[in-house]
Amino acid sequence: SGEVPEDPVVSKKSGLLYEKRLIERHIADYGKCPVTGEALTMEDIVPIKTGKNVKPRSLTAASIPGMLGMFQNEWDALMLSNFALEQQLHTARQELSHALYQHDAACRVIARLKKERDEARSLLTQAERQAPLPASAVTAVSNGKRAFEEEDMGPGAKRMRHGVSDSIIAELTECNAALSQQRKKRQIPPTLAPIDALERYTQLSSHPLHKTNKPGITSIDINPSKDIVATGGIDSNAVLFGRTSGEILSTLSGHSKKVTSVKFVAHNDVFLSGSADKTVRIWRGSEDGNYNCRHILKDHTAEVQAVTVHATNNYFVTASLDATWCFYDLSSGLCLTQVEDPTNSMGYTSAAFHPDGLILGTGTIGSTVRIWDVKSRGNVANFDGHTGAVTAISFSENGYFLATAAHDGVKLWDLRKLKNFRSFELYDQDTPTNSVDFDHSGSYLAMAGSDIRVYQVGSVKAEWNCIKTLPDLSGTGRATCVKFGPDARYLAVGSMDRNLRVFGLPEEDASTES
């Protein structure tokens, strides 16, 4: 055969080596040895055992020309395989390009559909303004899935306002007189955290309260009687957090856009939230610890930027980018009056009641601070001097200091002389001050921007000293809101991440201090 035998046998007569299958066939055909010509039978054939582990080398690999031929064949096979892979890659690229084109076309279709949807909503809003819908009532369900809505006439619809009655004005005046009289006898509480304690404040805890896909806390408020911290987030939720327990007590969902302002109503289990979806919601706590949405207020036509509660705890005000502020009755959720100044077309970005309740301060997107007489709803003073939108307003408990924050920092105003007596330029021109807050005693002032700073309150002439600077540990460089806890024993801080951070004295230092 010219090859090494796979099943070798040997002849007893001649001693020659054969391939078994070939010699069997030859003996069957001729009956003699193919080499010597002697008579030969299968009995003369003896099999030989060989090792099967190592196969003999092929003839082509037994010489240099044969090996070169093998290498050439292997190279040709490798080139053919590479060519096939490149063809497959080219086909995959074509399929990917086609898929990307289809995705781009789908995005354009979705954008066009959204535009048509917005146009349809705009037409529907115009129709609702011309033809008001009848009043409807919806039963309240836990956490705002459904809520009682009165006269749901659509955004921007004109409503009949009940007005601020003489009895309400008398109630506001009586509250003002009582609080003013108490303020004259006001003393610093002995339980207030001292300056040396604030100097040692550090981060005590960090709590992820909001969603990771839409991080950011825009507003904070604290219920001092229950030590509950409320946060409003960009994820459109408001979260109630028990500081002592370290647990989320309730997550209030229902707004369709970010929550811009949250406020507790003191001595009532009522909570208010304002949102960029142009609505304000009134929540009331239930026995099971959940909060039910009792009213959805739709009197504004633009984002609601601020909610502030009157000292009587019976009324509250909302301020919006539609350049109006609304005065509400808390129990009924009715808008008693909506104030619009024809000389001002700039929307409101912040609002706060004076501690006595007869003065309302509002900050505008045009850097002006406007002071209102609540009884007459008249604009009695304007403070100019800021740069950029006024992001926060805080009245001191002493009754005559007002702190305002804007892009250029914080300004302090003397309400007795209606003038600015001190300015703090805290950060560079690209970093606005986002929040400012007096503690309840009026002894400390906190500011938040790229960090958090606490000042000791001085006077018009005396210096206001910075006693503590706390870093923004969120890593975003934007502390958006800050609030003093009871007796300034801790600071609650929100930033552009999802975490609520609490700063205060460590436990061992706090026990020593007490």
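Biologist: Which residues does UniProt list for "repeat: WD"?

Modeller: The structure shown is a predicted model. The repeat assignment, by contrast, comes from the UniProt record, in an unreviewed entry. Under "repeat: WD", that entry lists residues 252–283, 297–338, 349–382 and 383–423.

Biologist: How far apart do the end C-alpha atoms of residues 252–283 lie?

Modeller: Residues 252–283 are 56% strand and 0% helix. The end C-alpha atoms of this span are separated by 9 Å.

Biologist: What percentage of residues 349–382 is strand?

Modeller: The end C-alpha atoms of residues 349–382 lie 15 Å apart. Helix accounts for 0% of the span. The strand content is 62%.

Biologist: Why is one side of β5 and of β8 left without a neighbour in the sheet?

Modeller: These strands belong to an open sheet of four strands with antiparallel pairing, in the order β5-β6-β7-β8. Strands β5 (217–223) and β8 (247–252) stand at its edges, so one side of each lacks a neighbour in the sheet. On average, neighbouring strands of this sheet are turned by 20° against each other, direction ignored.

Biologist: Which residue of β8 stands opposite F241?

Modeller: Strand β7 covers residues 238–242 and pairs with β8 in the antiparallel sense over five bridges. Opposite F241, the residue in β8 is I248.

Biologist: Which residue in β23 is the bridge partner of A406?

Modeller: Strand β22 (residues 401–406) and strand β23 (residues 409–414) run antiparallel and are joined by six bridges. The partner of A406 in β23 is G409.

Biologist: Which residues stand opposite V10 in β2 and in β3?

Modeller: Strand β1 (residues 8–11) is joined by three bridges to β2 (residues 17–19), in the antiparallel sense. Strand β1 also pairs antiparallel with β3 (residues 45–47), over three bridges. Opposite V10 stand L17 in β2 and V46 in β3.

Biologist: Which residue takes a positive phi in the hairpin of β1 and β2?

Modeller: Five residues lie between the two strands of this hairpin. The positive phi, near 75°, is taken by G15.

Key:
Residues are numbered from 1 along each chain as its sequence is written. This is a predicted model: local features need pLDDT of at least 70, side-chain atom pairs count only at pLDDT 80 or more; totals for chains, interfaces and linings use all residues. Side-chain values use heavy atoms; hydrogens and water are left out. Two strands pair if DSSP finds at least two bridges between them. Axes are lines fitted to C-alpha atoms, for helices over the stretch in contact, and angles run from 0 to 180 degrees between N-to-C directions. UniProt positions are given in the numbering used here, feature names are shortened, and annotations may be inferred rather than shown by experiment.
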